[in-house]
Amino acid sequence: MNEPTPVSTARAEAEQLATELIGDRADGWDLAGELPLDVLRELGGKGMLCAQVPAAYGGLGLSSAENGELTAHVGALCSSVRSVMTSQGMAAWTVERLGSDEQKAVHLRELTSGRLAGVAFSEPGAGSDLGAMTTTIRVEGDTVVLDGRKSWITVAAYADLLVVFGRHGSGAGAVVVPTDTPGVTVERVPAPLGCRAAGHADVTFDDVRLPADRLLGGAGLPVDWLVTSALTFGRVSVAWGCVGILRACLRAAASHAATRQQFGVPLAAHQLVARHLAELHVAHEASAGCCERASRGWDENSPELVVSAVTAKHLAAGHAARGAAAAVQVLASAGAHDGGPVARAYRDAKLMEIIEGSNEISQLLLGKHALGVWS
Amino acid sequence: MSTPTTEQDTTAPAQATPTGQDAAPAEDTTAVRETLTAFLEQRTKTAVAADVDLFSTGLVTSLFAMELLVHVEQSFGVQVGGSDLTLDNFRSVDAMTALVLRLRGGGDE
């Protein structure tokens, strides 16, 4: 039941390329806190970092279900690269959702030809409460002017472009900003807890002036309206990334338990260890099933996808965090080396409980939904 | 799911669309309005008049706003692009009905 959709050639090739380019290098990238730019540009140039972009714009045109499996595949190898996929995918989806035909033609092409992009929502005073954003986007004649400060922007340290959300009129707007524009300053977040090589950075925009056609459509809508679409993409992507984390943990824990001998038998013969493996298996199946449901909703453009995305993200992040902790427990000292697969999973999964809607924000949204449906 | 009908285009003047061109058959308007109302009433468990302001009444919350957008796209086979993403187009059942009829007219988007 893991793969209800047939594997397309495009997806199979993308997964193979990811395996070749990432291989066993993720440990080193994590320790260094840096991804090689040439790897990112090659993945980007093949359209893999935003693989749902239609072929007409140079993308692979994968369905959400297929891109989900690709995301899990990459996530099992390296959550930092997967994190880049989530950000670039959100940037592309925002342009696809809000952009005019001309904006889509220009920016989606850039995003499938090796240029790297992130999405800037959060600010020092606006994390879960995005309504408190103070970054401003204003139009002066044929110029759009951006002022403000964004924090913890994934990929920003590598990005050529940022899709920046800010206040606009009585609502919000989104603008596509090349990072080499005068007034843009990118400062790397030192030593993040997880996804260490994903290029998190704080970004300051000081009187940044761009042609007015950099402002995407939908400007003036309430901030909730504008960001929910991008966040929904992000939630599906993060959820699939967590499925990948669980796969990496299952692989590491099962291999170790099958070979490591204690008290004269393999670890797996000890029932308390076997239980960890069983729970990891259940965590993976439940998370993958929930992700498949959300992706099916996305591919059928069904209204349920919005809540399914929050559900999948919340469930998968929790499972990944607990599953990674269990995997470290099974590997014990063999898993306690920083940079190793289960140590990375342990740190990366914790961040998944925070981003794209923390556990608590997800619970608030789901609680409200449950009340509406079941009361 | 209703599809645009062409057989009865010669019937009595239908309600004007905001653009004033290609007035839709009255039955099309009714079908779109009924589909939208049914979705809203099912999700909000409230009777929703076609002209009620969905935002000032607080019926539409952040997640529900996107569900509504996706519902409009899916039910009527239209794509609501950037320049049509305005509050005014989603403010009421009447406003969404007009948007759908305009987009389905397939005119000069």
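Which residues does Trp93(A) touch, not counting residues up to four places away in sequence? Trp93(A) touches Ala230(A) and Phe233(A), where contact means that C-beta atoms, placed from the backbone, lie within 7 Å. This is a predicted model, in which local features need pLDDT of at least 70, side-chain atom pairs count only at pLDDT 80 or more, and totals for chains, interfaces and linings use all residues. Residues are numbered from 1 along each chain as its sequence is written, while chains are lettered from A and ligands numbered from 1 in the order in which they are written.

- Trp93(A) sits in helix α5 of chain A; helices (H or I, at least four residues) and strands (E, at least two) are DSSP runs, numbered from the N terminus.
- Trp93(A) counts as buried, because it has 23 C-beta neighbours inside 10 Å. A residue is buried if 20 or more other C-beta atoms lie within 10 Å of its own, exposed if 12 or fewer, and partly exposed in between, with C-beta atoms placed from the backbone.
- The C-alpha atoms of Trp93(A) and Ser229(A) are separated by 8.2 Å, and the two residues are 136 residues apart along the chain.
- Leu250(A) belongs to helix α7 (residues 223-259) of chain A and is partly exposed, with 18 other C-beta atoms within 10 Å.
- Not counting residues up to four places away in sequence, Leu250(A) touches Leu280(A), His281(A) and His284(A). From Leu250(A) to His281(A) the C-alpha to C-alpha distance is 7.1 Å, across 31 residues in sequence.

**Nonpolar core**

- The largest nonpolar core has 150 residues; such a core is a set of buried Ala, Val, Leu, Ile, Met, Phe, Trp, Tyr and Cys residues joined through C-beta atoms within 7 Å.
- Helix α7(A) gives the most to this core, with 19 residues.
- The residues with the most contacts inside the core are Leu162(A), Ala239(A), Cys242(A), Cys249(A), Ala324(A) and Ala327(A).
- Leaving aside neighbours within four places in sequence, Ala324(A) is in contact with Ile245(A), Cys249(A), Val342(A), Ala345(A), Tyr346(A) and Ala349(A).

**Helix packing in chain A**

- The axes of helix α4 (residues 64-77) and helix α5 (residues 79-98) of chain A come within 6 Å and cross at roughly 145°. Axes are lines fitted to C-alpha atoms, for helices over the stretch in contact, and angles run from 0 to 180 degrees between N-to-C directions.
- On the α4(A) side, Thr71(A), Val74(A) and Gly75(A) meet Ser79(A), Val81(A), Arg82(A) and Met85(A) of α5(A).
- The residues of this contact of α4(A) with α5(A) divide into three nonpolar, three polar and one charged. Ala, Val, Leu, Ile, Met, Phe, Trp, Tyr, Cys and Pro count as nonpolar, Asp, Glu, Lys and Arg as charged, and the others, Gly among them, as polar.
- In helix α3 (residues 37-45) of chain A, the buried residues are Leu40(A), Leu43(A) and Gly44(A). They lie on the same side of α3(A), because they cover an arc of only 100° around the axis; the arc is that of the directions from the helix axis to the C-beta atoms.
- These buried residues of α3(A) pack against α1 (9-22) and α5 of chain A.

**Positive phi**

- Gly47(A), which follows α3(A), has a positive phi near 80°.
- Asn301(A) is not a glycine but has a positive phi of about 50°. Asn301(A) is in the loop between α8 (271-299) and α9 (305-331) of chain A, and it counts as partly exposed, with 14 C-beta neighbours inside 10 Å.
- Glu356(A), also a residue other than glycine, has a positive phi near 55°. Glu356(A) is in the loop between α10 (341-352) and α11 (359-374) of chain A, and it is buried, with 25 other C-beta atoms within 10 Å.

- Chain B has four helices and zero strands, and buried residues make up 34% of its 109 residues.
- Of the contacts in chain B with a separation of 6 or more, 55% join residues 24 or more positions apart.
- The unreviewed UniProt entry annotates residues 44-99 of chain B as "domain: Carrier"; UniProt positions are given in the numbering used here, feature names are shortened, and annotations may be inferred rather than shown by experiment.
- Residues 44-99 of chain B are 48% helix and 0% strand, with end C-alpha atoms 22 Å apart.
- The contact between the chains takes 15 residues from chain B and 20 residues from chain A. Helix α2 (residues 62-76) of chain B provides the largest share of the chain B side, nine residues.
- The residues on the side of chain B that touches chain A divide into six nonpolar, six polar and three charged.

Note on methods
Two residues are in contact if their C-beta atoms, placed from the backbone, lie within 7 Å.
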